[in-house]
Amino acid sequence: GRALLDFTCGQIAMEFGAAVGLGSMIAAGASPCMVPARRLPACSLGGAPRRLRARHATAASRRSPGMRGAVADGISLDARVYSTSARTGLASGFGGALVASVACTGSFAAVVRRQRSGVRTKFKVALRSLLDDLQGVWEDDVGNEISISGSQAMFSDGSGAWPIEREDNSDDGLRLRGTLFIGTAEGPKWQFPNGLSRSWVRPSPVAPEDTEWKQIFQQYKGELLGIRRKLWASITTEEFSEAATLLDAWDQGAAMPLGSSLEQQARLAAGRGLATGVCFVHRVFQYRGVVVACEPWCTATAAWRQTMGAANLSRGETQPFHHCIVDDRDRPPGQTTFVSEENIVPTDEAFPVQSFLVDALLIPCPEIKGYLPRPRLEYALQRQRADGKFKWDISSEGL
């Protein structure tokens, strides 16, 4: 398209230059009337033909012998002037065409540059607006929760924070963790190079009664963890009478939070033996593991709940669920699971659990046949009590 426009501009400029050349010829004093139009090519090649000069000279000598040389010289001079003017005008015409063509091409290039700059600016603004719309919490179709803050994306799979990159110099848009954004602000979709894609949706809002239950649940689990700490400390310091009292308190469960209903107290009592650091065996799959954090219900994404059949459990998906680390001897190394309360069977025989995740997050305590959280995990549990949900992050800048 640009080449066609350049050619058209050049043609227009050539015609304009030809007109300029004709004007230059006339301005130079060459009168077109002195030489017939059919003889213009001959005159323009360096003077009138010899026969033309002789004919005019004979006619002039008949009228006035004194004018013979003057007429001949005049015709010859006029022809030369006309020829010179023609060449000058033709050169002027081509020069004007060249200048006009360069000017047109330069103007067109400037317009293209301005248009490209404007498109690029609008594209950057659109990317910033899209990134603003993506802020907050999302769920994907494989069970991950994604929290977008600024240009960082935090995934619940423990892989840490990932940058959201803006491709300002191309039309690709946003990129995240090897994927390309192909969706909309209302329905984000990310495509992998192999063609697979992941869709995001906003999580369902939490009802006020669920928020109250969450606070009561987290408070109770915090009390259970406090009893385990005191029990371990009393045993290591050989304060056995206090240790016996704490052991009874652990078996009976911590004191119920003030303001909790009878139904809530019954639900808390059902899981009184489960807290961070407790070792267990899975009721169905028989693998060993350790509890890392507790949730008041199945907080996984809708896609995960549907895939895992959480609604088909005997106590449903509203029962407490627990983030757990699996023993490397029973499953592939570094595996974590999200287990319903009904499928966790606490047992001292599962201690110790072998996993590099256990070494990173938990302190082994043989005195209580279990674990206590390291500072990194303790910080994550504090964030859970404040934000309402546990977030895996085992990166050096995380837990």
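R229 is partly exposed, at 32% relative accessibility. Partly exposed here spans the range between buried (under 20% relative accessible area) and exposed (over 50%), with a 1.4 Å probe and protein chains only. The model is predicted: local features need pLDDT of at least 70, side-chain atom pairs count only at pLDDT 80 or more, and totals for chains, interfaces and linings use all residues. Residues are numbered from 1 along each chain as its sequence is written, and side-chain values use heavy atoms, with hydrogens and water left out.

R229 forms a salt bridge with E378, with the closest N and O atoms 2.3 Å apart. A salt bridge requires a side-chain nitrogen of Lys or Arg within 4 Å of a carboxyl oxygen of Asp or Glu. E378 sits in helix α10 (residues 375-387) and R229 in helix α5 (residues 208-236), so the pair ties together parts that are 149 residues apart in sequence. Helices (H or I, at least four residues) and strands (E, at least two) are DSSP runs, numbered from the N terminus. E378 is buried, at 16% relative accessible area.

E378 also bridges to R385, with the closest N and O atoms 3.5 Å apart. R385 is partly exposed, at 41% relative accessibility. Shared partners join R229, E378 and R385 into one network.

## The D330-R288 pair

The structure holds 6 salt bridges. One of them joins the side chains of D330 and R288, at 3.0 Å from N to O. The partners come from distant parts of the chain, 42 residues apart. D330 lies in the loop between β11 (321-326) and β12 (336-340), while R288 belongs to strand β10 (residues 288-295). Both ends are partly exposed: D330 has a relative accessible area of 30%, and R288 has 24% relative accessibility.

## Nonpolar cores

In soluble globular proteins, nonpolar side chains tend to be buried together. A nonpolar core is a set of buried Ala, Val, Leu, Ile, Met, Phe, Trp, Tyr and Cys residues joined through side-chain atoms within 4.5 Å. The largest one here has 25 residues. V290, I325, Y371 and F390 have the most contacts inside it. At least two residues each come from α5, α6 (240-252), β10, α9 (356-361), β14 (362-365), β15 (370-373) and α10.

Contact means heavy atoms within 4.5 Å. Beyond its neighbours within four places in sequence, V290 touches residues including F280, I325, V358, L362 and Y371. A second, separate core has 21 residues, among them F217, W250, A275 and V291.

## Sheet and packing helix

Which strands form the open sheet, and in what order? The order is β12-β11-β10-β9-β13, 5 strands with antiparallel pairing. Two strands pair if DSSP finds at least two bridges between them. β12 and β13 (344-346) are the edge strands, each pairing on one side only. Neighbouring strands are turned by 45 degrees against each other on average, direction ignored.

Strand β9 (residues 279-282) and β10 run antiparallel, joined by 3 bridges. F280 stands opposite G289 in β10. Helix α5 lies across β10 and β11, at about 135 degrees to β10. Axes are lines fitted to C-alpha atoms, for helices over the stretch in contact; angles run from 0 to 180 degrees between N-to-C directions.

## Confidence

The protein averages a pLDDT (the predictor's confidence in each residue, from 0 to 100) of 77. Of the residues, 66% score at least 70. Residues 2-7 fall below 50, and this stretch has 5 contacts in the model beyond near neighbours in sequence. Residues 30-54 are also below 50, with 26 such contacts.
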